[in-house]
Amino acid sequence: MHLARFPRLHLAHLPTPLEPMKRLSKELGCEIWIKRDDCTGMSTGGNKTRKLEFLMAEAEAQGADMVMTQGATQTNHGRQTAAFAAKLGFDCHILLEDRTGYQDGNYNTNGNVLLDHLHGATTEKFPGGHNMVEEMEKAAEKKRAEGRNVYVIPGGGSNPTGALGYVNAAFELLSQANDRGLRIDRLVHATGSSGTQAGLVTGMCAMNSLVPVLGIGTRAPQPKQEQMVYDLACKTAEKLGCAGVVKREDVMANTDYVGEGYGLPTESGIEAIRMFAELEGILLDPCYSAKGAAGLIDLARKGEFKDQRVVFLHTGGAAALSGYDFAFDNANRWVNL
């Protein structure tokens with residue numbers, strides 16, 4: 001599988017570290033490692049950097065002078081897209097949807113929103129429930145009518161081009177494990193718009209790694225989440241020339257840790273933030289990585305990973321923490337909202 005056939009920028013800090021989490025492992029009674037994709041670079045890093053290396057290269061190849069994307073108010077993807085645009089000299093416009101109803105000032109102006117604007121992006125806000133794909137296409141057509149060459153990036157960067165970044169991450173992780181003689185029994189991560197998991201599953205299956213990939217859902221019910229991942233994985237495999245390599249049973253998502261909805265902090269997620277911070281010095285975000293870690297912690301406590309070596313892929317997002325300060329009290333414990 002030759003990823004060099006596809007346009008790509010090389011701006012990410014790769015390979016990201018693969019590290020043991022010794023104190024968390026002792027606490028949970030199983031061996032846990034962490035793949036530090038919060039360290040990819042570009043505006044504090046995160047999983048979108050890998051996707052945007054391919055997406056923004058495609059934008060350059062198409063002669064775009066402006067990129068446009070959409071997401072929730074505290075979208076990590078929007079922040080990293082804005083950073084890439086700043087680096088490459090593109091204009092950037094981000095459509096933000098209010099998916100939580102929070103009126104808190106920090107949530108609406110701090111965290112990722114502040115960084116979007118620091119990178120020079122313009123933003124436009126929409127109430128929850130809008131068809132954001134249609135809204136983005138309307139906005140793009142308006143700019144095209146003004147003479148702009150707009151490259152539209154789907155929410156989360158989740159299409160076959162973006163998923164190539166996580167096919168590459170699967171190669172990278174297996175190479176690190178092979179070099180160290182580490183057998184990986186399970187790969188766990190937060191899954192949302194599906195591009196990260198689709199890329200990982202495609203890469204792992206294409207290499208016949210026999211490493212199961214478990215996505216911990218942050219938004220959709222299990223049937224919908226798994227179907228989204230499977231559909232994108234199939235399209236990604238087709239793009240790579242290995243159609244059929246991903247089977248339906250290769251796609252697994254556990255959506256027990258979503259809580260009341262997308263972007264809404266959970267008690268188990270706040271506990272995960274505390275544990276990672278206090279035991280390993282690692283920061284998570286309430287929307288994605290904390291819910292993924294909450295699933296990891298709970299399943300470990302239930303004995304799901306007994307006698308296994310588990311790798312948790314950290315998707316980043318700590319830049320959003322200051323937008324969620326209302327979810328913590330001075331003792332860093334959960335506050336009922």
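**Exercise 1. How many cavities of 30 Å³ or more does the structure hold? Describe the largest cavity and its lining.**

*Solution.* The model is predicted, so local features need pLDDT of at least 70 and side-chain atom pairs count only at pLDDT 80 or more, while totals for chains, interfaces and linings use all residues. Residues are numbered from 1 along each chain as its sequence is written, and side-chain values use heavy atoms, with hydrogens and water left out.

Step 1. On a 1 Å grid over the protein atoms alone, a cavity is a set of points where a 1.4 Å probe fits but cannot get out, and lining residues have an atom within 4 Å of a point. The structure holds one cavity of 30 Å³ or more.

Step 2. The volume of the largest cavity is about 130 Å³, a volume being the space filled by probe spheres set on grid points that are joined across faces, edges and corners.

Step 3. Its lining comprises 15 residues, with N47, K48, A190, T196 and Y288 nearest the centre. Two or more residues each come from helix 2 (48–61), strand 7 (186–191) and helix 8, where helices (H or I, at least four residues) and strands (E, at least two) are DSSP runs numbered from the N terminus. Helix 8 has the largest share, three residues.

Step 4. The lining of the largest cavity divides into two nonpolar, eleven polar and two charged residues; Ala, Val, Leu, Ile, Met, Phe, Trp, Tyr, Cys and Pro count as nonpolar, Asp, Glu, Lys and Arg as charged, and the others, Gly among them, as polar.

Step 5. Because domain 1 (18–46 + 159–328) and domain 2 (48–153) both give residues to this lining, the largest cavity lies between them, the domain bounds coming from an automatic or database domain assignment.

**Exercise 2. Characterise the largest pocket.**

*Solution.* Step 1. A pocket is an open set of points with protein on both sides within 12 Å along at least five of seven lines; the largest pocket holds about 580 Å³ of space.

Step 2. Among its 27 lining residues, Q70, P154, G155, S193 and R219 lie nearest the centre, and at least two residues each are supplied by strand 3 (66–72), helix 3 (76–88), helix 6 (132–145) and helix 9 (222–240).

Step 3. By class, the lining of the largest pocket has eleven nonpolar, ten polar and six charged residues.

Step 4. Domain 1 and domain 2 both contribute to the lining of the largest pocket, so this pocket lies between them.
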